[in-house]
Amino acid sequence: MPAIIELEHITKIYPRPEGESQILADVSLEVMDGEVLAVVGPSGCGKSTLLRIIHGLIPPSAGVVRFAGRAQDGINLSCGMVFQSFALLPWLTVEQNVMVGLEARGLDDETCRKRAMKYIDKVGLDGNEEAYPRELSGGMKQRVGLARALAVEPKVLLMDEPFSALDALTSINLREELIDLWGDPALPVDTIVIVTHLIEEAVELADRIVVLASNPGRIVESIKVELPRPRERKSPEFSALVDRVFSLIV
Amino acid sequence: MPIEPLPSTGISKVLGLCEILDDHQGKEDVYRLAQDLHMPFGELLLVIKGAEMLGMVETPGGDAVLTPLGKRALESSMNEKKALLRQAMLKLKVFQHVLKLLENAQENEVPAEVILEELAVLLPQEQPRQLFTTLLNWGRYGEIFGYSRDTDQFYLQKPEKTP
Amino acid sequence: MKFSFTQAARYTALVLLVLAGAVLLVAGGVRYLPARGEMPAEVRHLPVYAAWSFLRMLIAYFFALAFSIPYGFLAATNKRAEKVLLPLLDILQSVPVLGFFPAAVFFFVSLTHGSRLGVEMASIFLIFTSQAWNIAFGCYEALTTIPQDSFDALASQGVHGWQRFRILYLPACVPKLVYNSILSWAGGWYFLIACEIISIGPTEAALPGLGSFLKRAAAEGRVGLTLTGIAVLIAIVVAMHLFIWRPLESWSEKFRYEFAASTVAPSRLLVFYRELRLVAYIGRTARRLAAYVARQKIRLFPPRQVIADLEALPPLWRRIVGRTIGILASACALYILVRAGMALVVVLRPPWPHQAWMIPAALGASFLRLLVAYILALAWTIPVAVWAGNRPRAMRIVGPFAQIASSVPATSLFPLIVMFAIHHRGGTNIAAVLLVLTGMQWYILFNLLAGVHAIPGDLKEATRSLGLTGWRAFKTLTLPAMLPSLITGSITGWGGGWNALILSEYLPYAGKVYSVLGIGTLLQEATVPPGNQAMMVLSLVAMVVVILLLNRFFWRRMYNWAADLYKIEY
């Protein structure tokens with residue numbers, strides 16, 4: 001498996017009135033083509049910042065991000081991103097929210113609509129096209145976020161705490177559906193980077209887990225998850241791995 | 001038979017509940033479930049009530065038990081799951097009532113206030129706004145009916161076959 | 001993409017056109033009134049006058065929008081521009097616009113060689129200045145509070161340039177834009193009424209309009225006619241409220257970011273409105289009309305191809321174009337500054353006119369007048385706010401009443417007040433204080449009502465359960481809790497007061513001028529032919545400096561202190 005994203009010695013420093021604050025210190029990481037990588041760590045370890053640096057939303061203070069072997073400058077449009085806060089525009093309908101990125105790519109109306117409908121259907125949102133975000137429950141909102149990210153047919157899907165703003169039942173439901181979706185061979189995206197503070201979530205979803213420590217954020221360990229799928233949340237192997245990751249964080 | 005109101009809860013939660021019950025070999029004590037999930041007991045009861053009305057969960061004694069239908073929904077693909085839930089919803093009196101209203105209406109659509117008034121008459125004990133929201137969210141999931149805020153119209157969704 | 005942003009724009013345009021058209025039709029066509037100073041105050045001319053006033057407001061408002069949205073946008077999105085534009089806006093906002101009126105008239109009239117057009121331009125400019133800052137500030141505020149995630153999400157989707165402006169910036173501004181437009185129109189009416197009669201050169205030029213009508217009717221001592229004029233004005237204001245601002249406000253709810261659950265309880269005021277059958281009916285009709293208009297596919301925005309071509313320009317070119325525009329704008333600004341500076345130097349070259357020594361005393365007298373008006377305002381608004389704010393039912397009456405009362409421009413009442421006060425001993429001073437009061441009180445009342453209303457019910461109940469009543473309850477809970485809003489209200493109230501001052505101290509009535517010593521009088525006297533530019537500028541500068549100093553060293557500190565100490569947080 002070749003690496004699709006390579007981070008080389010990434011450092012991020014923010015200037016603060018009381019002095020500089022270092023968010024990330026010398027983080028080097030490879031994301032393999034086709035893997036699901038989970039980044040876990042305590043709050044304030046810079047995992048969300050790391051995800052935004054991968055996407056090119058934030059420039060690193062030092063270090064290089066390579067995508068498919070080429071050094072990256074600015075936003076990488078081969079990535080799609082799902083946000084913790086959903087980040088939907090409240091004045092656009094579900095369909096319009098999903099079409100935003102397609103319009104930006106200059107596709108004609110007909111193609112936009114068709115493509116949007118395809119992904120609205122895939123995430124189970126059909127019937128909600130005309131709804132505005134505020135009419136939807138949290139779970140449905142995040143489906144819109146997912147459909148929007150998938151609709152631009154990215155090579156890599158970046159997910160920033162996608163289920164953290166949801167209640168326990170909804171997040172279980174969405175996680176299961178994400179796994180189903182990922183098993184769908186028709187889906188163009190097969191590489192996923194997911195940032196989470198829930199260790200169970202990481203163990204359930206990921207092929208590999210990268211553990212970050214805070215102050216400043218740095219990689220502590222990278223663990224391969226070799227549990228067979230579908231994973232049994234109640235199995236002893238699952239619990240053992242959760243415990244191991246947990247011990248690395250605290 | 002009196003018309004049962006819809007509990008104000010979402011389909012995602014109902015499906016999540018089925019998923020949890022499946023993890024617990026299809027059966028769990030409701031009180032323990034609330035503790036495990038760190039969920040307010042009252043809220044969980046609404047979810048269970050919703051799942052029960054849709055025939056996905058039964059509640060003998062203080063337990064919640066996954067029904068074969070619930071199990072089937074978990075194992076289905078997205079579109080099959082939506083079809084299953086649609087069928088389950090159409091067995092409910094409230095849905096049948098609103099459906100009939102829409103079928104008889106011109107162009108199969110009516111202003112939202114008509115639905116609100118109808119709900120207030122059918123279920124005088126309930127909050128019509130809240131009921132409206134739940135009905136709409138369920139109905140949209142089952143692709144039974146929809147609503148456009150721009151025109152303030154409630155309409156029947158055409159059953160279209162998605163590829 | 002079907003995007004109903006245009007919906008409101010079309011609807012508003014339609015309603016405005018219909019309104020303006022209706023007024024004109026009733027008037028039997030627009031007749032440009034011929035001779036200056038010969039505008040008969042007759043009831044049958046009222047529709048024409050109203051139409052003219054309305055048209056002036058409309059033109060000024062469109063200029064204000066055209067100015068404010070780019071201004072707010074630039075200040076919010078460009079860090080370097082923000083450093084200049086924001087403090088500038090702050091100053092512009094706190095300066096009494098009316099003080100600039102004589103200068104503006106002088107400029108525009110000489111620009112057009114003394115024609116009627118110049119006077120029209122001056123009055124429109126003045127209305128513009130009363131509307132623009134507030135809207136620009138609202139835009140800036142709305143844009144700076146867009147959540148970072150929205151930017152990230154759009155950037156992640158590859159959205160930039162015009163598309164970003166269209167789907168993020170513009171919609172995000174809408175609620176503030178609508179809300180501040182309501183305030184701006186209220187401010188606009190206030191000035192409009194004041195500025196339709198202008199003295200230039202040897203004659204007094206009156207523009208056809210409600211303001212000049214009212215003044216003339218009052219000067220002729222015709223109470224009935226004056227009241228009729230005021231009634232027409234109120235009718236227009238109320239109609240605009242019902243047909244334009246209400247529907248727009250409820251439409252703009254769609255563009256609000258909200259982080260809480262979707263079920264928001266409608267405000268009491270809204271419920272009150274909805275309970276009125278007629279209003280409900282009108283609202284429904286308006287909504288249907290809006291939906292119908294929205295279905296008509298008219299492209300308001302430039303065709304997509306043009307935009308795409310513009311955006312397809314290579315980055316270097318875009319930068320060159322951007323830079324060029326920036327440099328040109330800066331050059332223009334610099335030129336204006338230098339010219340203004342030179343003009344100032346010429347005007348202010350000593351020896352100063354002997355009246356200049358009266359400025360400190362005049363400022364003191366004016367300040368005292370404001371203070372008296374302020375105390376009067378507090379004396380009635382605090383009891384009313386405490387009484388109504390604690391009683392939902394009273395609130396339901398006081399709220400809408402105050403809203404309508406405040407949107408009636410106080411300037412329209414000036415002639416009436418003058419008519420009655422002028423004949424008593426010390427009447428001019430009483431009139432001046434009353435006039436200032438009309439410009440002050442509503443701001444204070446509104447802020448107080450909101451403040452008292454926002455006191456958490458738990459605290460009110462706790463106070464009662466502890467046995468505190470009457471004065472004690474007021475002292476321990478109500479007064480401290482409403483202090484921040486009292487100060488906010490006072491700041492805006494004093495702003496309104498300074499503005500009113502200019503019109504309040506110098507009262508031409510029935511061919512005679514009644515005046516008291518004050519900065520407003522000095523300003524107005526400076527414009528009496530042949531005009532005294534040095535005095536005009538000196539009084540203006542003195543007043544602006546006093547106001548800015550007061551704001552910076554008194555009100556702002558008061559506010560910080562009160563907000564720090566008495567804000568209720570959970």
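Colleague: Which residues account for 63% of the contacts in chain B with a separation of 6 or more?

Modeller: Contact means C-beta atoms, placed from the backbone, within 7 Å. In chain B, residues 24 or more positions apart make up that 63%. Note that this is a predicted model: local features need pLDDT of at least 70, side-chain atom pairs count only at pLDDT 80 or more, and totals for chains, interfaces and linings use all residues. Residues are numbered from 1 along each chain as its sequence is written, chains are lettered from A and ligands numbered from 1 in the order in which they are written.

Colleague: What radius of gyration does chain B have?

Modeller: Take it over C-alpha atoms; the globule rule is 2.2 Å times the number of residues to the power 0.38. For 163 residues a compact globule would have a value near 15 Å, and the 17 Å of chain B agrees. The C-alpha atoms fill a box of roughly 50 × 40 × 30 Å along the principal axes.

Colleague: How many helices and strands does chain B have?

Modeller: Both are DSSP runs, numbered from the N terminus: helices are H or I, at least four residues, and strands are E, at least two. Chain B has 8 helices and 6 strands. Their pattern along the sequence is α-β-α-α-β-β-α-α-α-β-α-α-β-β.

Colleague: Where are the domains of chain A?

Modeller: Bounds come from an automatic or database domain assignment. Domain 1 of chain A takes 1–75 + 189–250, and domain 2 takes 79–153 + 164–188. Their C-alpha centres lie 24 Å apart. In chain A, 5 residues of domain 1 are in contact with 7 residues of domain 2. Helix H6 (residues 199–205) of chain A gives the most to the domain 1 side, with 3 residues.

Methods. Two residues are in contact if their C-beta atoms, placed from the backbone, lie within 7 Å.
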